[in-house]
Each structure stands twice: as C-alpha cells, then as structure tokens.
Amino acid sequence: MTNQRIPSKQISIDGKKISKSSPVYFIAEIGSNFDQDLSRAKDLIYMAKEAGADAAKFQHYTAQSLVSDVGFRGMAANNSHQASWKKSVYDTYDDASINQDWTEILRDTCADAGLAFFTSPYSFDLVDLVDDFVPAHKIGSGDITWTEIIEHIARKDKPVLLATGASNMADVQRAMNVILGFNSDIILMQCNTNYTASRDNFNYLHLNVVSKFQEMYPGIITGLSDHTQGDVSVLGAVALGVRVIEKHFTDSIEREGPDHAFSMTPTTWRDMVERTRDLQAALGIREKEVEANEKETMVLQRRSICAARDLSKGTIISEVHLNMLRPCPDDAIQPFEAGQLVGRVLLRDIKNGEHLKWEDID
C-alpha cells in the first residue's frame, strides 16, 4: 500500500496522553463478565476505576454476526477453553452478547466513573454504531485477517488498538499496512490467544516480540492484551517498553461464564497497577547518576584518603602516609586521586585517620 504513515509516538485518548514516557494505560476488559445484568456492568465499571483502570472495555457482537452455528456443531468436539462450555458455542455467544441499547448508558457510566469507554465491535454495522461513543477502536485478535473491517475502523480517524493473538508476523504486517494507509494513531499489542488460564501459557506468550515490533515500527506505542494469570507478564512487558495493558476484569473468578476464570479481581488488579507504577518508577532514565536519596549514603560508604599516621606540616607525602577509609566528606580527596598527592607537601599537621583536603596540600 502506498503513502504509508509513520506510527505516532504519542496518542491522546479522552485527554490522557499515551507515549513511551507516559504512565502505563490500563484497560479493564469487562467483556462478558457483566453476566447480562446492566446493574452489574455498572458496578464493574466503578470497581475497575477503584482498582486503578484508565478505561473499561466491553465487546459488541451478535452471535449471528460472529460465529457459524453450523460450523461449530460440525466440529468433532469443542476445543481449548470452549471444551468446558455447557451450551453450544453459538448459544454461549448469544447469551453473552451485550444489549446494544446499553451502549450510551455504559459510556455515560464510564464518564461518571472517570474512565474511557472502550468496546470491540465485531461487524461493520456495530463499528458504525459504537463510533459515536468510543474515543478509540479495539480490533480483536480474531479479526486480524479481516482486512476490510480493519480498513473500515482505520478510516474512523480514531486511535486503533490492534491485538495480535494467534497470528504470525505476516498477519501483523498485513493488518498494520492497512491501518497505516489511513491512520497513524496505532497501538500494537502483543497477545497470546489462549483462555485456559493454564500456567503453561507463559511458555507461549513471548514478550520479546514487543521488542521486534518496536524495531519494525520505530517509535510505535506497544501494548499487551494478556490472558495469563497474575501480573508477571505485565511487569515483564512494561520493562520492555509496553505502555498499554489490557486484562480481563471481574469481581470473582468463581462465577460461571466464559471469561471469569482467567480474569483479575479488584484486589489483584489494584496490586498489578501498584506494582506496575513502582516498576515504571524504578526503570527511570538511562543516565547513571548519584541520586538525591544516595547522597548521604555516598558520604558514609565511600572511602577518602586519610593519614595513616600523625603527619607534620612540611611532610613530603608518600604512599606509606596514606590510608583509604570511610567516610568521604564532600571536601575529602578521593582514592582515585592518590597519584596526585605523592611528592606533594603538607601545609599543616594532620592527625592519624584524618581525611586530607586539597587545601592542606601544596
């Protein structure tokens, strides 16, 4: 595709800036965890805010526009996480689908809570329906090969979050080429699409792909759409430069439903946010400096050049006169400067153990 744009290094979503130097942006994926209850959906939005989220996300789909009942019933057996579903795939999605009439209500609830309202729309009509309500569009991993809807979303001229689960680099580049033909505000999200909550999934997450994304698209904002348990993957991703995190959110992983088991609760979510903030603060800058909180300790732990015995004024300094001992006051001569002292003359008497100062030296 010609006239490819360069990915933006800074994106604004509902007034919040997202960039490599910005605080990590957290999206609470409520998905279908509202269990078809609008009041519960509202409660989860407020819980997500209290837990430290920046956005709450839902999914707009209909079973009819998303899955083929014939196709899934024709499979020998349900696979992966769907194996535990009590109903057919079609009926499960039909039960979990959001009431489209709730869209404005959910947007307004998010606004009241101080969160951005996100959703993943899974049809052209639904993209158009939600466009008036969202500050950005999320493309789910399952649609990464559907270039027509990717283009439709990219043309909406809003930030686009692209998840890359169950895809290879050719799939990623194809989708990115489509988006960058119309839109430079793109957040590219590493993802492993497995919803079994198995510990073994860490072996397949490959966070280092983020570094490859950053190499391929210099300056791009990267994200992680994560389905592993806990926050270790989040912390690893942030250390690699990821600045957008999406994790599923619920109030209890014991509830029935397709997404609860691998979601985070308000307590674990808050812990994740706090640990991430600590990590991001700890990552700091690339320059090595004596930090403000080290200056007192530096005096206490560094050595200075001290007299190894009582020395008289007029002594010609030699190595045997010197000892390297803690502390190192600001006016002390430091050990790496010892070579500049040998052969010089003392201007005053120095006691054993007293540190030497340049004003004492001729």
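Modeller: Asp14 is found in the loop between β1 (10–13) and β2 (16–19), where helices (H or I, at least four residues) and strands (E, at least two) are DSSP runs, numbered from the N terminus. This is a predicted model, in which local features need pLDDT of at least 70 and side-chain atom pairs count only at pLDDT 80 or more, while totals for chains, interfaces and linings use all residues. Residues are numbered from 1 along each chain as its sequence is written, and side-chain values use heavy atoms, with hydrogens and water left out.

Phi of Asp14 is near 50°, a positive value in a residue other than glycine. Most residues other than glycine have a negative phi. Asp14 counts as exposed because its relative accessibility is 55%; buried means under 20% relative accessible area, exposed over 50%, and partly exposed in between (1.4 Å probe, protein chains only). Ala166, in the loop between β7 (160–163) and α8 (169–180), has a phi near 50° as well, positive although Ala166 is not glycine, and Ala166 counts as exposed at 71% relative accessibility.

From these loops we can turn to the sheet. Eight strands form an open sheet in the order β5-β4-β3-β10-β9-β8-β7-β6, with parallel pairing, where two strands pair if DSSP finds at least two bridges between them. Because β5 (116–121) and β6 (137–139) stand at the edges, each with a single partner strand, one side of each is left without a neighbour in the sheet. Neighbouring strands of this sheet are turned by 25° against each other on average, direction ignored. Within the sheet, five bridges join β3 (residues 25–29) to β10 (residues 244–248), which run parallel, and Ile27 stands opposite Glu246 in β10. Helix α9 packs on the sheet, touching β8 (186–191) and β9 (221–226), and its direction makes about 155° with that of β8; contact here means heavy atoms within 4.5 Å. Axes are lines fitted to C-alpha atoms, for helices over the stretch in contact, and angles run from 0 to 180 degrees between N-to-C directions. Helix α10 lies across β3, β9 and β10, running at about 170° to β9.

The helices also pack on one another. Helix α10 (residues 232–239) and helix α11 (residues 266–283) pack at an angle of about 25°, with their axes 10 Å apart. That makes α10 roughly parallel to α11, since angles under 35 degrees count as roughly parallel, over 145 as roughly antiparallel, 65 to 115 as roughly perpendicular and the rest as oblique. The contact is made by Val234, Leu235, Val238 and Ala239 of α10 and by Met272, Arg275, Thr276, Leu279 and Leu283 of α11. These residues divide into seven nonpolar, one polar and one charged, where Ala, Val, Leu, Ile, Met, Phe, Trp, Tyr, Cys and Pro count as nonpolar, Asp, Glu, Lys and Arg as charged, and the others, Gly among them, as polar.

A second pair is α8 with α9 (residues 209–216), which pack at an angle of about 40° with their axes 13 Å apart, and are therefore oblique to each other. Their contact is made by Met169, Val172 and Gln173 of α8 and by Lys212, Phe213 and Met216 of α9, a set that divides into four nonpolar, one polar and one charged.
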